[in-house]
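Please take a moment with the sequence and the structure shown here before reading on.

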Amino acid sequence: MERPRILIVDDSTMARRELRKLLDHMCDLVEADHGAAGLACARTQRFDLVIVDLHMPVMGGIEFVRLVRGLPGYAEVPLFAVTTESNDEVMTRARAAGVDVWVHKPLQAAPLVRAVEQALVSGVRSSARVAP
Amino acid sequence: MMAAEELQAGAADFLAGTRVLFVEARYGSLRQVVQALKHLGVPCEAVCGPGEANTTLETDVGLCLGVTDLSDPGVILQELRYRFPALPWIEVPRAPHPAAAELARNISDRLKDHPYDVEVVDVIGRALASQWGSFGDVRSTHYLRRDGRVPETVCATVEVAGRGVWGRVAFAASEQVLYRQYRRSCGEEPVRADDVYDVAAEFANRLTGVIRRHYRLLGVPSTQSAPSTVVGRDLYQRPIADTPALMVEHRSITGDVIYVEWQLGTKPVGSAPPPYGQLPTGEPVYL
């Protein structure tokens with residue numbers, strides 16, 4: 001069976017490696033260090049889930065999400081924002097752009113892995129129904 | 001591991017130990033103010049002139065506010081402010097006046113408005129204990145900082161902006177400490193020097209996020225910049241004028257030392273609950 005593919009977009013090497021450490025056992029991971037690089041990956045490759053930081057140089061996370069959602073085949077791909085941001089205005093903009101799940105750093109391994117597994121198996125809509 | 005209650009008690013002791021520095025307070029109204037403040041239970045430190053003030057400020061980390069009635073405060077204060085820019089000052093007229101008690105009450109009230117509530121120290125302690133691998137046994141000390149010396153060879157700074165909270169948060173550690181943390185967090189060796197520096201940037205980013213979330217839950221939203229990192233020895237950064245800088249120094253049993261400094265001005269802007277609730281750390285929230 002083919003392993004799911006996840007795109008991680010974060011300017012922090014440490015943050016990308018931490019995610020890799022958590023998710024490497026269950027999927028193939030591709031990393032990009034800013035939104036424009038992530039967009040280039042999404043244009044040329046197919047991913048089953050995308051994890052993105054919001055504050056990045058070159059192209060920020062919200063702009064990245066807005067553009068990715070416009071690409072063919074990405075309308076329903078689960079999209080997680082992993083961020084230190086807690087500003088309600090930013091959350092509202094992220095949701096409007098197409099973010100499905102908001103995960104606040106620092107990460108908690110078990111809830112994140114569980115949410116990713118659920119999203120990969122049954123999509124983010126059914127995940128949302130079982131979220132606490 | 002040090003319990004949160006112990007951290008909080010330590011911070012409370014520290015804040016209770018802050019004192020007001022009076023310069024040239026032997027005569028006139030200032031002497032009355034010092035007496036009135038002591039009567040209110042506010043500890044004061046009186047020195048005779050700018051030279052003694054300079055020496056005291058270099059060595060005494062508990063001073064959080066300066067008061068003077070120096071006859072030529074422009075030049076004197078300019079020098080002291082240049083050397084210790086983060087220390088706020090109050091200038092009072094030299095001539096005796098009947099409002100000494102009122103002035104003392106104002107100073108006392110200003111100290112009570114100290115932005116460094118003990119909860120923030122607790123928030124930082126909890127965040128470090130949960131994220132920083134070697135800090136299973138945290139020993140924290142806190143002190144006010146007035147010079148701009150960067151305490152370690154790598155320092156990442158994040159700016160905070162908002163209507164009710166503004167300033168900056170800094171995270172500093174040695175390259176060796178950051179190297180070890182990278183290995184612990186990522187399970188691999190860093191490839192480039194930038195990977196090591198990125199640990200400081202990411203921790204500054206995360207701690208700023210944690211502090212901002214604390215203020216947001218108090219009804220004070222804000223936003224933050226991307227971290228910027230400086231690397232080198234004997235570096236200085238200009239503190240924000242008139243805004244006390246609190247340094248929290250964490251020391252692990254393995255000898256790792258990290259520094260978290262925050263220099264934030266705050267003012268209350270209401271207490272409406274945030275629309276998205278409490279955003280539990282690390283828990284996914286479905287939008």
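Predicted model: local features only at pLDDT ≥ 70, side-chain atom pairs only at ≥ 80, totals over all residues.

Residues are numbered from 1 along each chain as its sequence is written, chains are lettered from A and ligands numbered from 1 in the order in which they are written, and side-chain values use heavy atoms, leaving out hydrogens and water.

In chain A, A:Asp10 sits in the loop between strand S1 (5-9) and helix H1 (13-23), where helices (H or I, at least four residues) and strands (E, at least two) are DSSP runs numbered from the N terminus. A:Asp10 is buried, with a relative accessible area of 2% (buried means under 20%, exposed over 50%, partly exposed in between, with a 1.4 Å probe and protein chains only).

In chain B, helix H7 (residues 175-186) packs against helix H8 (residues 193-217) at an angle of about 85°, with the axes 8 Å apart. H7(B) is therefore roughly perpendicular to H8(B), a term for angles of 65 to 115 degrees.

Over all chains there is 1 aromatic pair, for which ring centres must lie within 6.5 Å. The rings of B:Phe171 and B:Phe203 have centres 5.5 Å apart and planes at 25°, so the pair is stacked (planes under 30 degrees apart). B:Phe171 belongs to strand S7 (residues 165-173) of chain B and B:Phe203 to helix H8 of chain B, 32 residues apart, and both B:Phe171 and B:Phe203 are buried.

Technical notes:
Axes fitted to C-alpha atoms, helices over the stretch in contact; angles between N-to-C directions. Parallel < 35°, antiparallel > 145°, perpendicular 65-115°, else oblique. Phe/Tyr/Trp six-rings, centres within 6.5 Å; stacked < 30°, edge-to-face > 60°.
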